[in-house]
Amino acid sequence: MASGLFLLLDDIAVLADDVAVTTKIATQKTAGILGDDLAVNAEKALGFAQERELKVVWAIIKGSLKNKAIILPVAFLLSAFAAFVIPYILILGGLYLLYEGAEKIEEYFHQKSHTQHKEEIKQSTSENILDIEKEKIKSAVFTDFILSIEIVVIALGTVLDKSLPIQIFSTCFVALAATFGVYGIVALIIRMDNIGFWLIEKKSIAVGNFLISLMPKVIKFLSVIGTFAMILVGGGILSHNIPNFHHLFIQTIPVIVNQIILGIVVGFLVLIVVKQSKKIYRVSLCL
């Protein structure tokens with residue numbers, strides 16, 4: 001009995017060590033997409049009434065966990081029985097990210113996005129403010145779904161040569177770390193001004209004022225970086241998953257610049273197609 005127990009403990013220790021090593025590798029591989037995930041989702045979670053901010057972030061976290069609960073088992077099944085489907089899922093997700101990125105660029109040049117958002121907040125009432133929040137949360141959760149697919153697939157891809165328990169533990173750890181790590185940082189960012197006021201009360205006036213003045217700059221910066229991240233991730237997904245697509249790249253400039261150019265071009269093509277499709281649909285309803 002004692003020897004059997006020691007053997008079991010030894011197996012558990014070996015498994016834990018393997019999981020730790022593979023998790024570290026998987027986390028390193030997904031570091032880039034996690035940074036993009038932070039930029040995109042921070043931008044999505046900003047702009048709500050101050051007393052509602054943390055509630056909104058918590059709602060997005062719950063949506064993100066539901067996303068992981070759907071994606072993880074499907075990813076394990078697909079990698080085992082239908083791995084050829086995964087690139088097509090990634091391509092669809094990449095096209096959606098590029099569409100969102102292109103739409104944000106268009107809004108910026110038409111100066112619509114921030115103006116419309118401010119008008120929405122000004123005109124909101126206690127009756128419709130929750131509806132506005134629900135729409136924005138829904139958009140944030142869907143974007144999280146696309147980015148979560150990318151994170152899970154990359155993490156799983158680094159441990160496919162390992163045993164199934166190690167694949168499950170490592171990939172699940174990275175997926176959960178992505179949710180709580182990213183949205184934990186988002187929560188800190190959106191409460192930066194509150195931390196500043198608290199520091200002022202504690203007589204750390206200089207640091208407090210610095211954080212308060214930094215808050216709007218961080219929001220603006222994350223808005224730009226979030227759009228850039230969507231274009232970069234989407235372009236990267238297409239270049240990695242569509243055969244021979246990288247042959248379109250200009251060889252004299254860095255790969256990342258090629259991916260951005262590709263993302264912008266494809267994003268605006270998708271945006272044009274979506275807009276024209278909506279027009280055709282509206283016209284068909286009037287007939």
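Biologist: Which residues does V152 touch, leaving out those up to four places away in sequence?

Modeller: In this predicted model, V152 is in contact with I71, L72, A75, T171 and A175, once residues up to four places away are set aside.

Biologist: How should I read a set of contacts like that?

Modeller: The general idea is that in soluble globular proteins, nonpolar side chains tend to be buried together. Here, V152 belongs to the largest nonpolar core, which has 19 residues. Along with L72, L90, L97, L156, V233 and I237, V152 is one of the residues that touch the most other members. Helices α3 (53–81), α4 (86–109), α6 (129–157) and α9 each supply at least two residues of this core. There is also a second, separate core of 12 residues, with V56, V57, I60 and I61 among them.

Biologist: Is Q167 buried or exposed?

Modeller: Q167 lies in helix α7, and its relative accessible area is 8%, so Q167 counts as buried. Beyond its neighbours within four places in sequence, Q167 is in contact with F76, L156, V159, L160 and K162. L156 is also one of those core residues that touch the most other members.

Biologist: Let's turn to helix pairs. How do I read the packing of α4 and α10?

Modeller: Two packed helices are described by the angle between their axes and the distance between the axes. For α4 and α10 (residues 255–286), the angle is about 85° and the axes are 7 Å apart. The two helices are therefore roughly perpendicular to each other, since 65 to 115 degrees falls in that class. On the α4 side, the residues that meet α10 are L95, L98, Y99, A102, E103, I105 and E106. Their partners in α10 include G263, V266, F268, L271 and K278. By class, this contact has 10 nonpolar, 2 polar and 4 charged residues.

Biologist: And at what angle do α9 and α10 cross?

Modeller: Their axes cross at roughly 100° and come within 7 Å. That makes α9 roughly perpendicular to α10. From α9, the contact involves F228, I231, L232, G235, G236, L238, S239 and H240. From α10, it involves I256, Q259, I260, L262, G263, I264 and V266. The classes here are 9 nonpolar, 6 polar and no charged residues.

Biologist: Which residues of α8 are buried?

Modeller: In α8 (residues 192–201), the buried ones are M192, D193, G196 and L199. They span an arc of only 115° around the axis, which puts them on the same side of α8. These buried residues pack against α7 (164–190) and α9 (205–241). Just after α8, K203 takes a positive phi of about 75°.

Biologist: How far apart are S213 and M192?

Modeller: There are two ways to count: S213 and M192 are 21 residues apart in sequence, and 9.7 Å apart in space, C-alpha to C-alpha. S213 lies in α9 and counts as partly exposed, at 36% relative accessibility, whereas M192 is buried.

Biologist: Finally, how many helices and strands does the protein have?

Modeller: The protein has 10 helices and 0 strands. Of its 287 residues, 39% count as buried. As for contacts between residues at least 6 apart in sequence, 79% join residues at least 24 apart.

Key
Residues numbered from 1 in each chain as written. Predicted model: local features only at pLDDT ≥ 70, side-chain atom pairs only at ≥ 80, totals over all residues. Heavy atoms only, no water. Buried < 20%, exposed > 50% of the residue type's maximum accessible area, 1.4 Å probe, protein only. Helix = DSSP H or I, 4+ residues; strand = E, 2+ residues; numbered from the N terminus. Arc of directions from axis to C-beta. Contact = heavy atoms within 4.5 Å. Core = buried A, V, L, I, M, F, W, Y, C linked by side-chain atoms within 4.5 Å. Axes fitted to C-alpha atoms, helices over the stretch in contact; angles between N-to-C directions. Parallel < 35°, antiparallel > 145°, perpendicular 65-115°, else oblique. Nonpolar A, V, L, I, M, F, W, Y, C, P; charged D, E, K, R; others polar.
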